[in-house]
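User: Hey, I've got a model open and I'd like to walk through it with you. Can you help me make sense of some spots in it?

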Amino acid sequence: MKFFVDTADTGAIVELRDLGMVDGVTTNPSLIMKSGRDMLAVIAEICEIVDGPVSAEVVALRADDMIAEGRKLAEIAPNIAVKVPLTWDGLKACRVLTGEGRMVNVTLCFSPNQALLAAKAGASFISPFIGRLDDIHLDGMDLIQDIREIYDNYAFQTQILAASIRSPNHVAECARIGADVITAPPEVIRSLANHPLTEKGIAGFLADWEKTGQKIL
Ligand code: E4P
């Protein structure tokens, strides 16, 4: 399973990349706002930091305008994945942009039928939002399972990019189900290393080591 990091914080991307934990990056207008930086400049910098796909989201609502924005974003670097929303206009833009050989990430997916449409429109990635479904008391993980089954039934090549990931359990469940990619904030990726029994085990070993009076170095 590939790890994308969901952030426009270039320092965090570099840190995780150097550990081998970054196969790509996703951004959205809210993350750009949080970074306080110019979108085109920060996306260009991210594309130099990572070799994998970097999602940059359009903000237009009409297909023609999305296509124009998508072309401009795709000019930044060859590893740009143009992110379009899962609307009828977004699907039209997806079809045109993928036809031009560009990567397209269709985002804000909340149902199996939406994912089916994105695959038929030729999307490179479909982004189902787990956490936002959980927020309204639905089970976001059911959506990942449903899309995996549907895509496997028909051998669709669109990659499932599980998004809106909020916890280590989301990551483990996505891996179990077989999502192709997860995208998560840096703090969630870092938290995957944590386990209370690991902390407890280290404390116990160090206490006993002290009693030996030995040193390794
Ligand atoms: C993914 O592409 C989105 O940017 C992101 O996962 C949304 O996450 P949120 O629902 O926590 O904002």
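User: Let's start with arginine 102. Where does it sit?

Analyst: This is a predicted model, so keep that in mind throughout. Arginine 102 is in the loop between α5 (88-99) and β5.

User: Is arginine 102 buried, exposed or partly exposed?

Analyst: Arginine 102 counts as partly exposed, because its relative accessibility is 25% and the buried class stops under 20%.

User: And what does arginine 102 touch, leaving aside neighbours within four places in sequence?

Analyst: With those set aside, arginine 102 is in contact with Arg71, Ala74, Leu97 and Ser124. There's also a link to a residue close by in the chain: the side chains of arginine 102 and glutamate 100 are joined by a polar contact of 2.8 Å.

User: OK, zoom out for a second. What are the box dimensions for the protein?

Analyst: Taken along the principal axes, the C-alpha atoms fill a box of roughly 70 × 40 × 30 Å.

User: How many helices and strands are in there?

Analyst: The protein has 11 helices and eight strands. Of its 217 residues, 46% count as buried. As for contacts between residues at least 6 apart in sequence, 57% of them join residues at least 24 apart.

User: Back to strand β5. What's going on with asparagine 105 there?

Analyst: Asparagine 105 is found in β5, and with a relative accessible area of 0% it is buried. Leaving out residues up to four places away in sequence, asparagine 105 touches Thr26, Ser55, Val82, Lys83, Val84, Phe125, Ile126, Ser127 and Leu161.

User: Serine 55 is one of those partners. What kind of contact do the two side chains make?

Analyst: A polar one: the side chain of serine 55 meets the side chain of asparagine 105 at 3.0 Å.

User: Which strand holds serine 55, and is the residue buried or exposed?

Analyst: Serine 55 is in strand β3 (residues 54-57). At 1% relative accessibility, serine 55 is buried.

User: Who else is around serine 55?

Analyst: Besides Asn105, serine 55 touches Val25, Thr26, Thr27, Ile43, Ala81 and Lys83, again not counting residues up to four places away in sequence. Thr26 and Lys83 are also on the contact list of asparagine 105.

User: What about phi at serine 164?

Analyst: Serine 164 has a positive phi too, about 55 degrees, although it is not a glycine. Serine 164 lies in the loop between β7 (159-162) and α9, and at 10% relative accessibility it counts as buried.

User: Switching to helices. How do α8 and α9 cross?

Analyst: The axes of α8 (residues 140-154) and α9 (residues 168-177) come within 10 Å and cross at roughly 20 degrees. An angle under 35 degrees counts as roughly parallel, and α8 and α9 are therefore roughly parallel to each other. Their crossing is right-handed.

User: Which residues make that contact?

Analyst: From α8 you have Met141, Ile144, Gln145 and Arg148, and from α9 you have His170, Glu173, Cys174, Arg176 and Ile177. By class, that's four nonpolar, two polar and three charged residues.

User: What does glutamine 145 touch, and how exposed is it?

Analyst: Leaving aside neighbours within four places in sequence, glutamine 145 is in contact with Arg176 and Ile177. Glutamine 145 is partly exposed, with a relative accessible area of 34%.

User: Last one. How are α1 and α3 arranged?

Analyst: The axes of α1 (residues 10-18) and α3 (residues 39-49) come within 10 Å and cross at roughly 10 degrees. That makes α1 roughly parallel to α3. Thr10, Ile13, Val14 and Arg17 in α1 meet Val42, Glu45, Ile46 and Ile49 in α3. The class breakdown for this contact is five nonpolar, one polar and two charged residues.

Notes
Residues numbered from 1 in each chain as written. Predicted model: local features only at pLDDT ≥ 70, side-chain atom pairs only at ≥ 80, totals over all residues. Heavy atoms only, no water. Axes fitted to C-alpha atoms, helices over the stretch in contact; angles between N-to-C directions. Helix = DSSP H or I, 4+ residues; strand = E, 2+ residues; numbered from the N terminus. Parallel < 35°, antiparallel > 145°, perpendicular 65-115°, else oblique. Contact = heavy atoms within 4.5 Å. Nonpolar A, V, L, I, M, F, W, Y, C, P; charged D, E, K, R; others polar. Left-handed = near helix turned anticlockwise from the far one by under 90°. Buried < 20%, exposed > 50% of the residue type's maximum accessible area, 1.4 Å probe, protein only. Polar contact = N/O pair within 3.5 Å; in protein donor to acceptor, adjacent residues only side chain to side chain.
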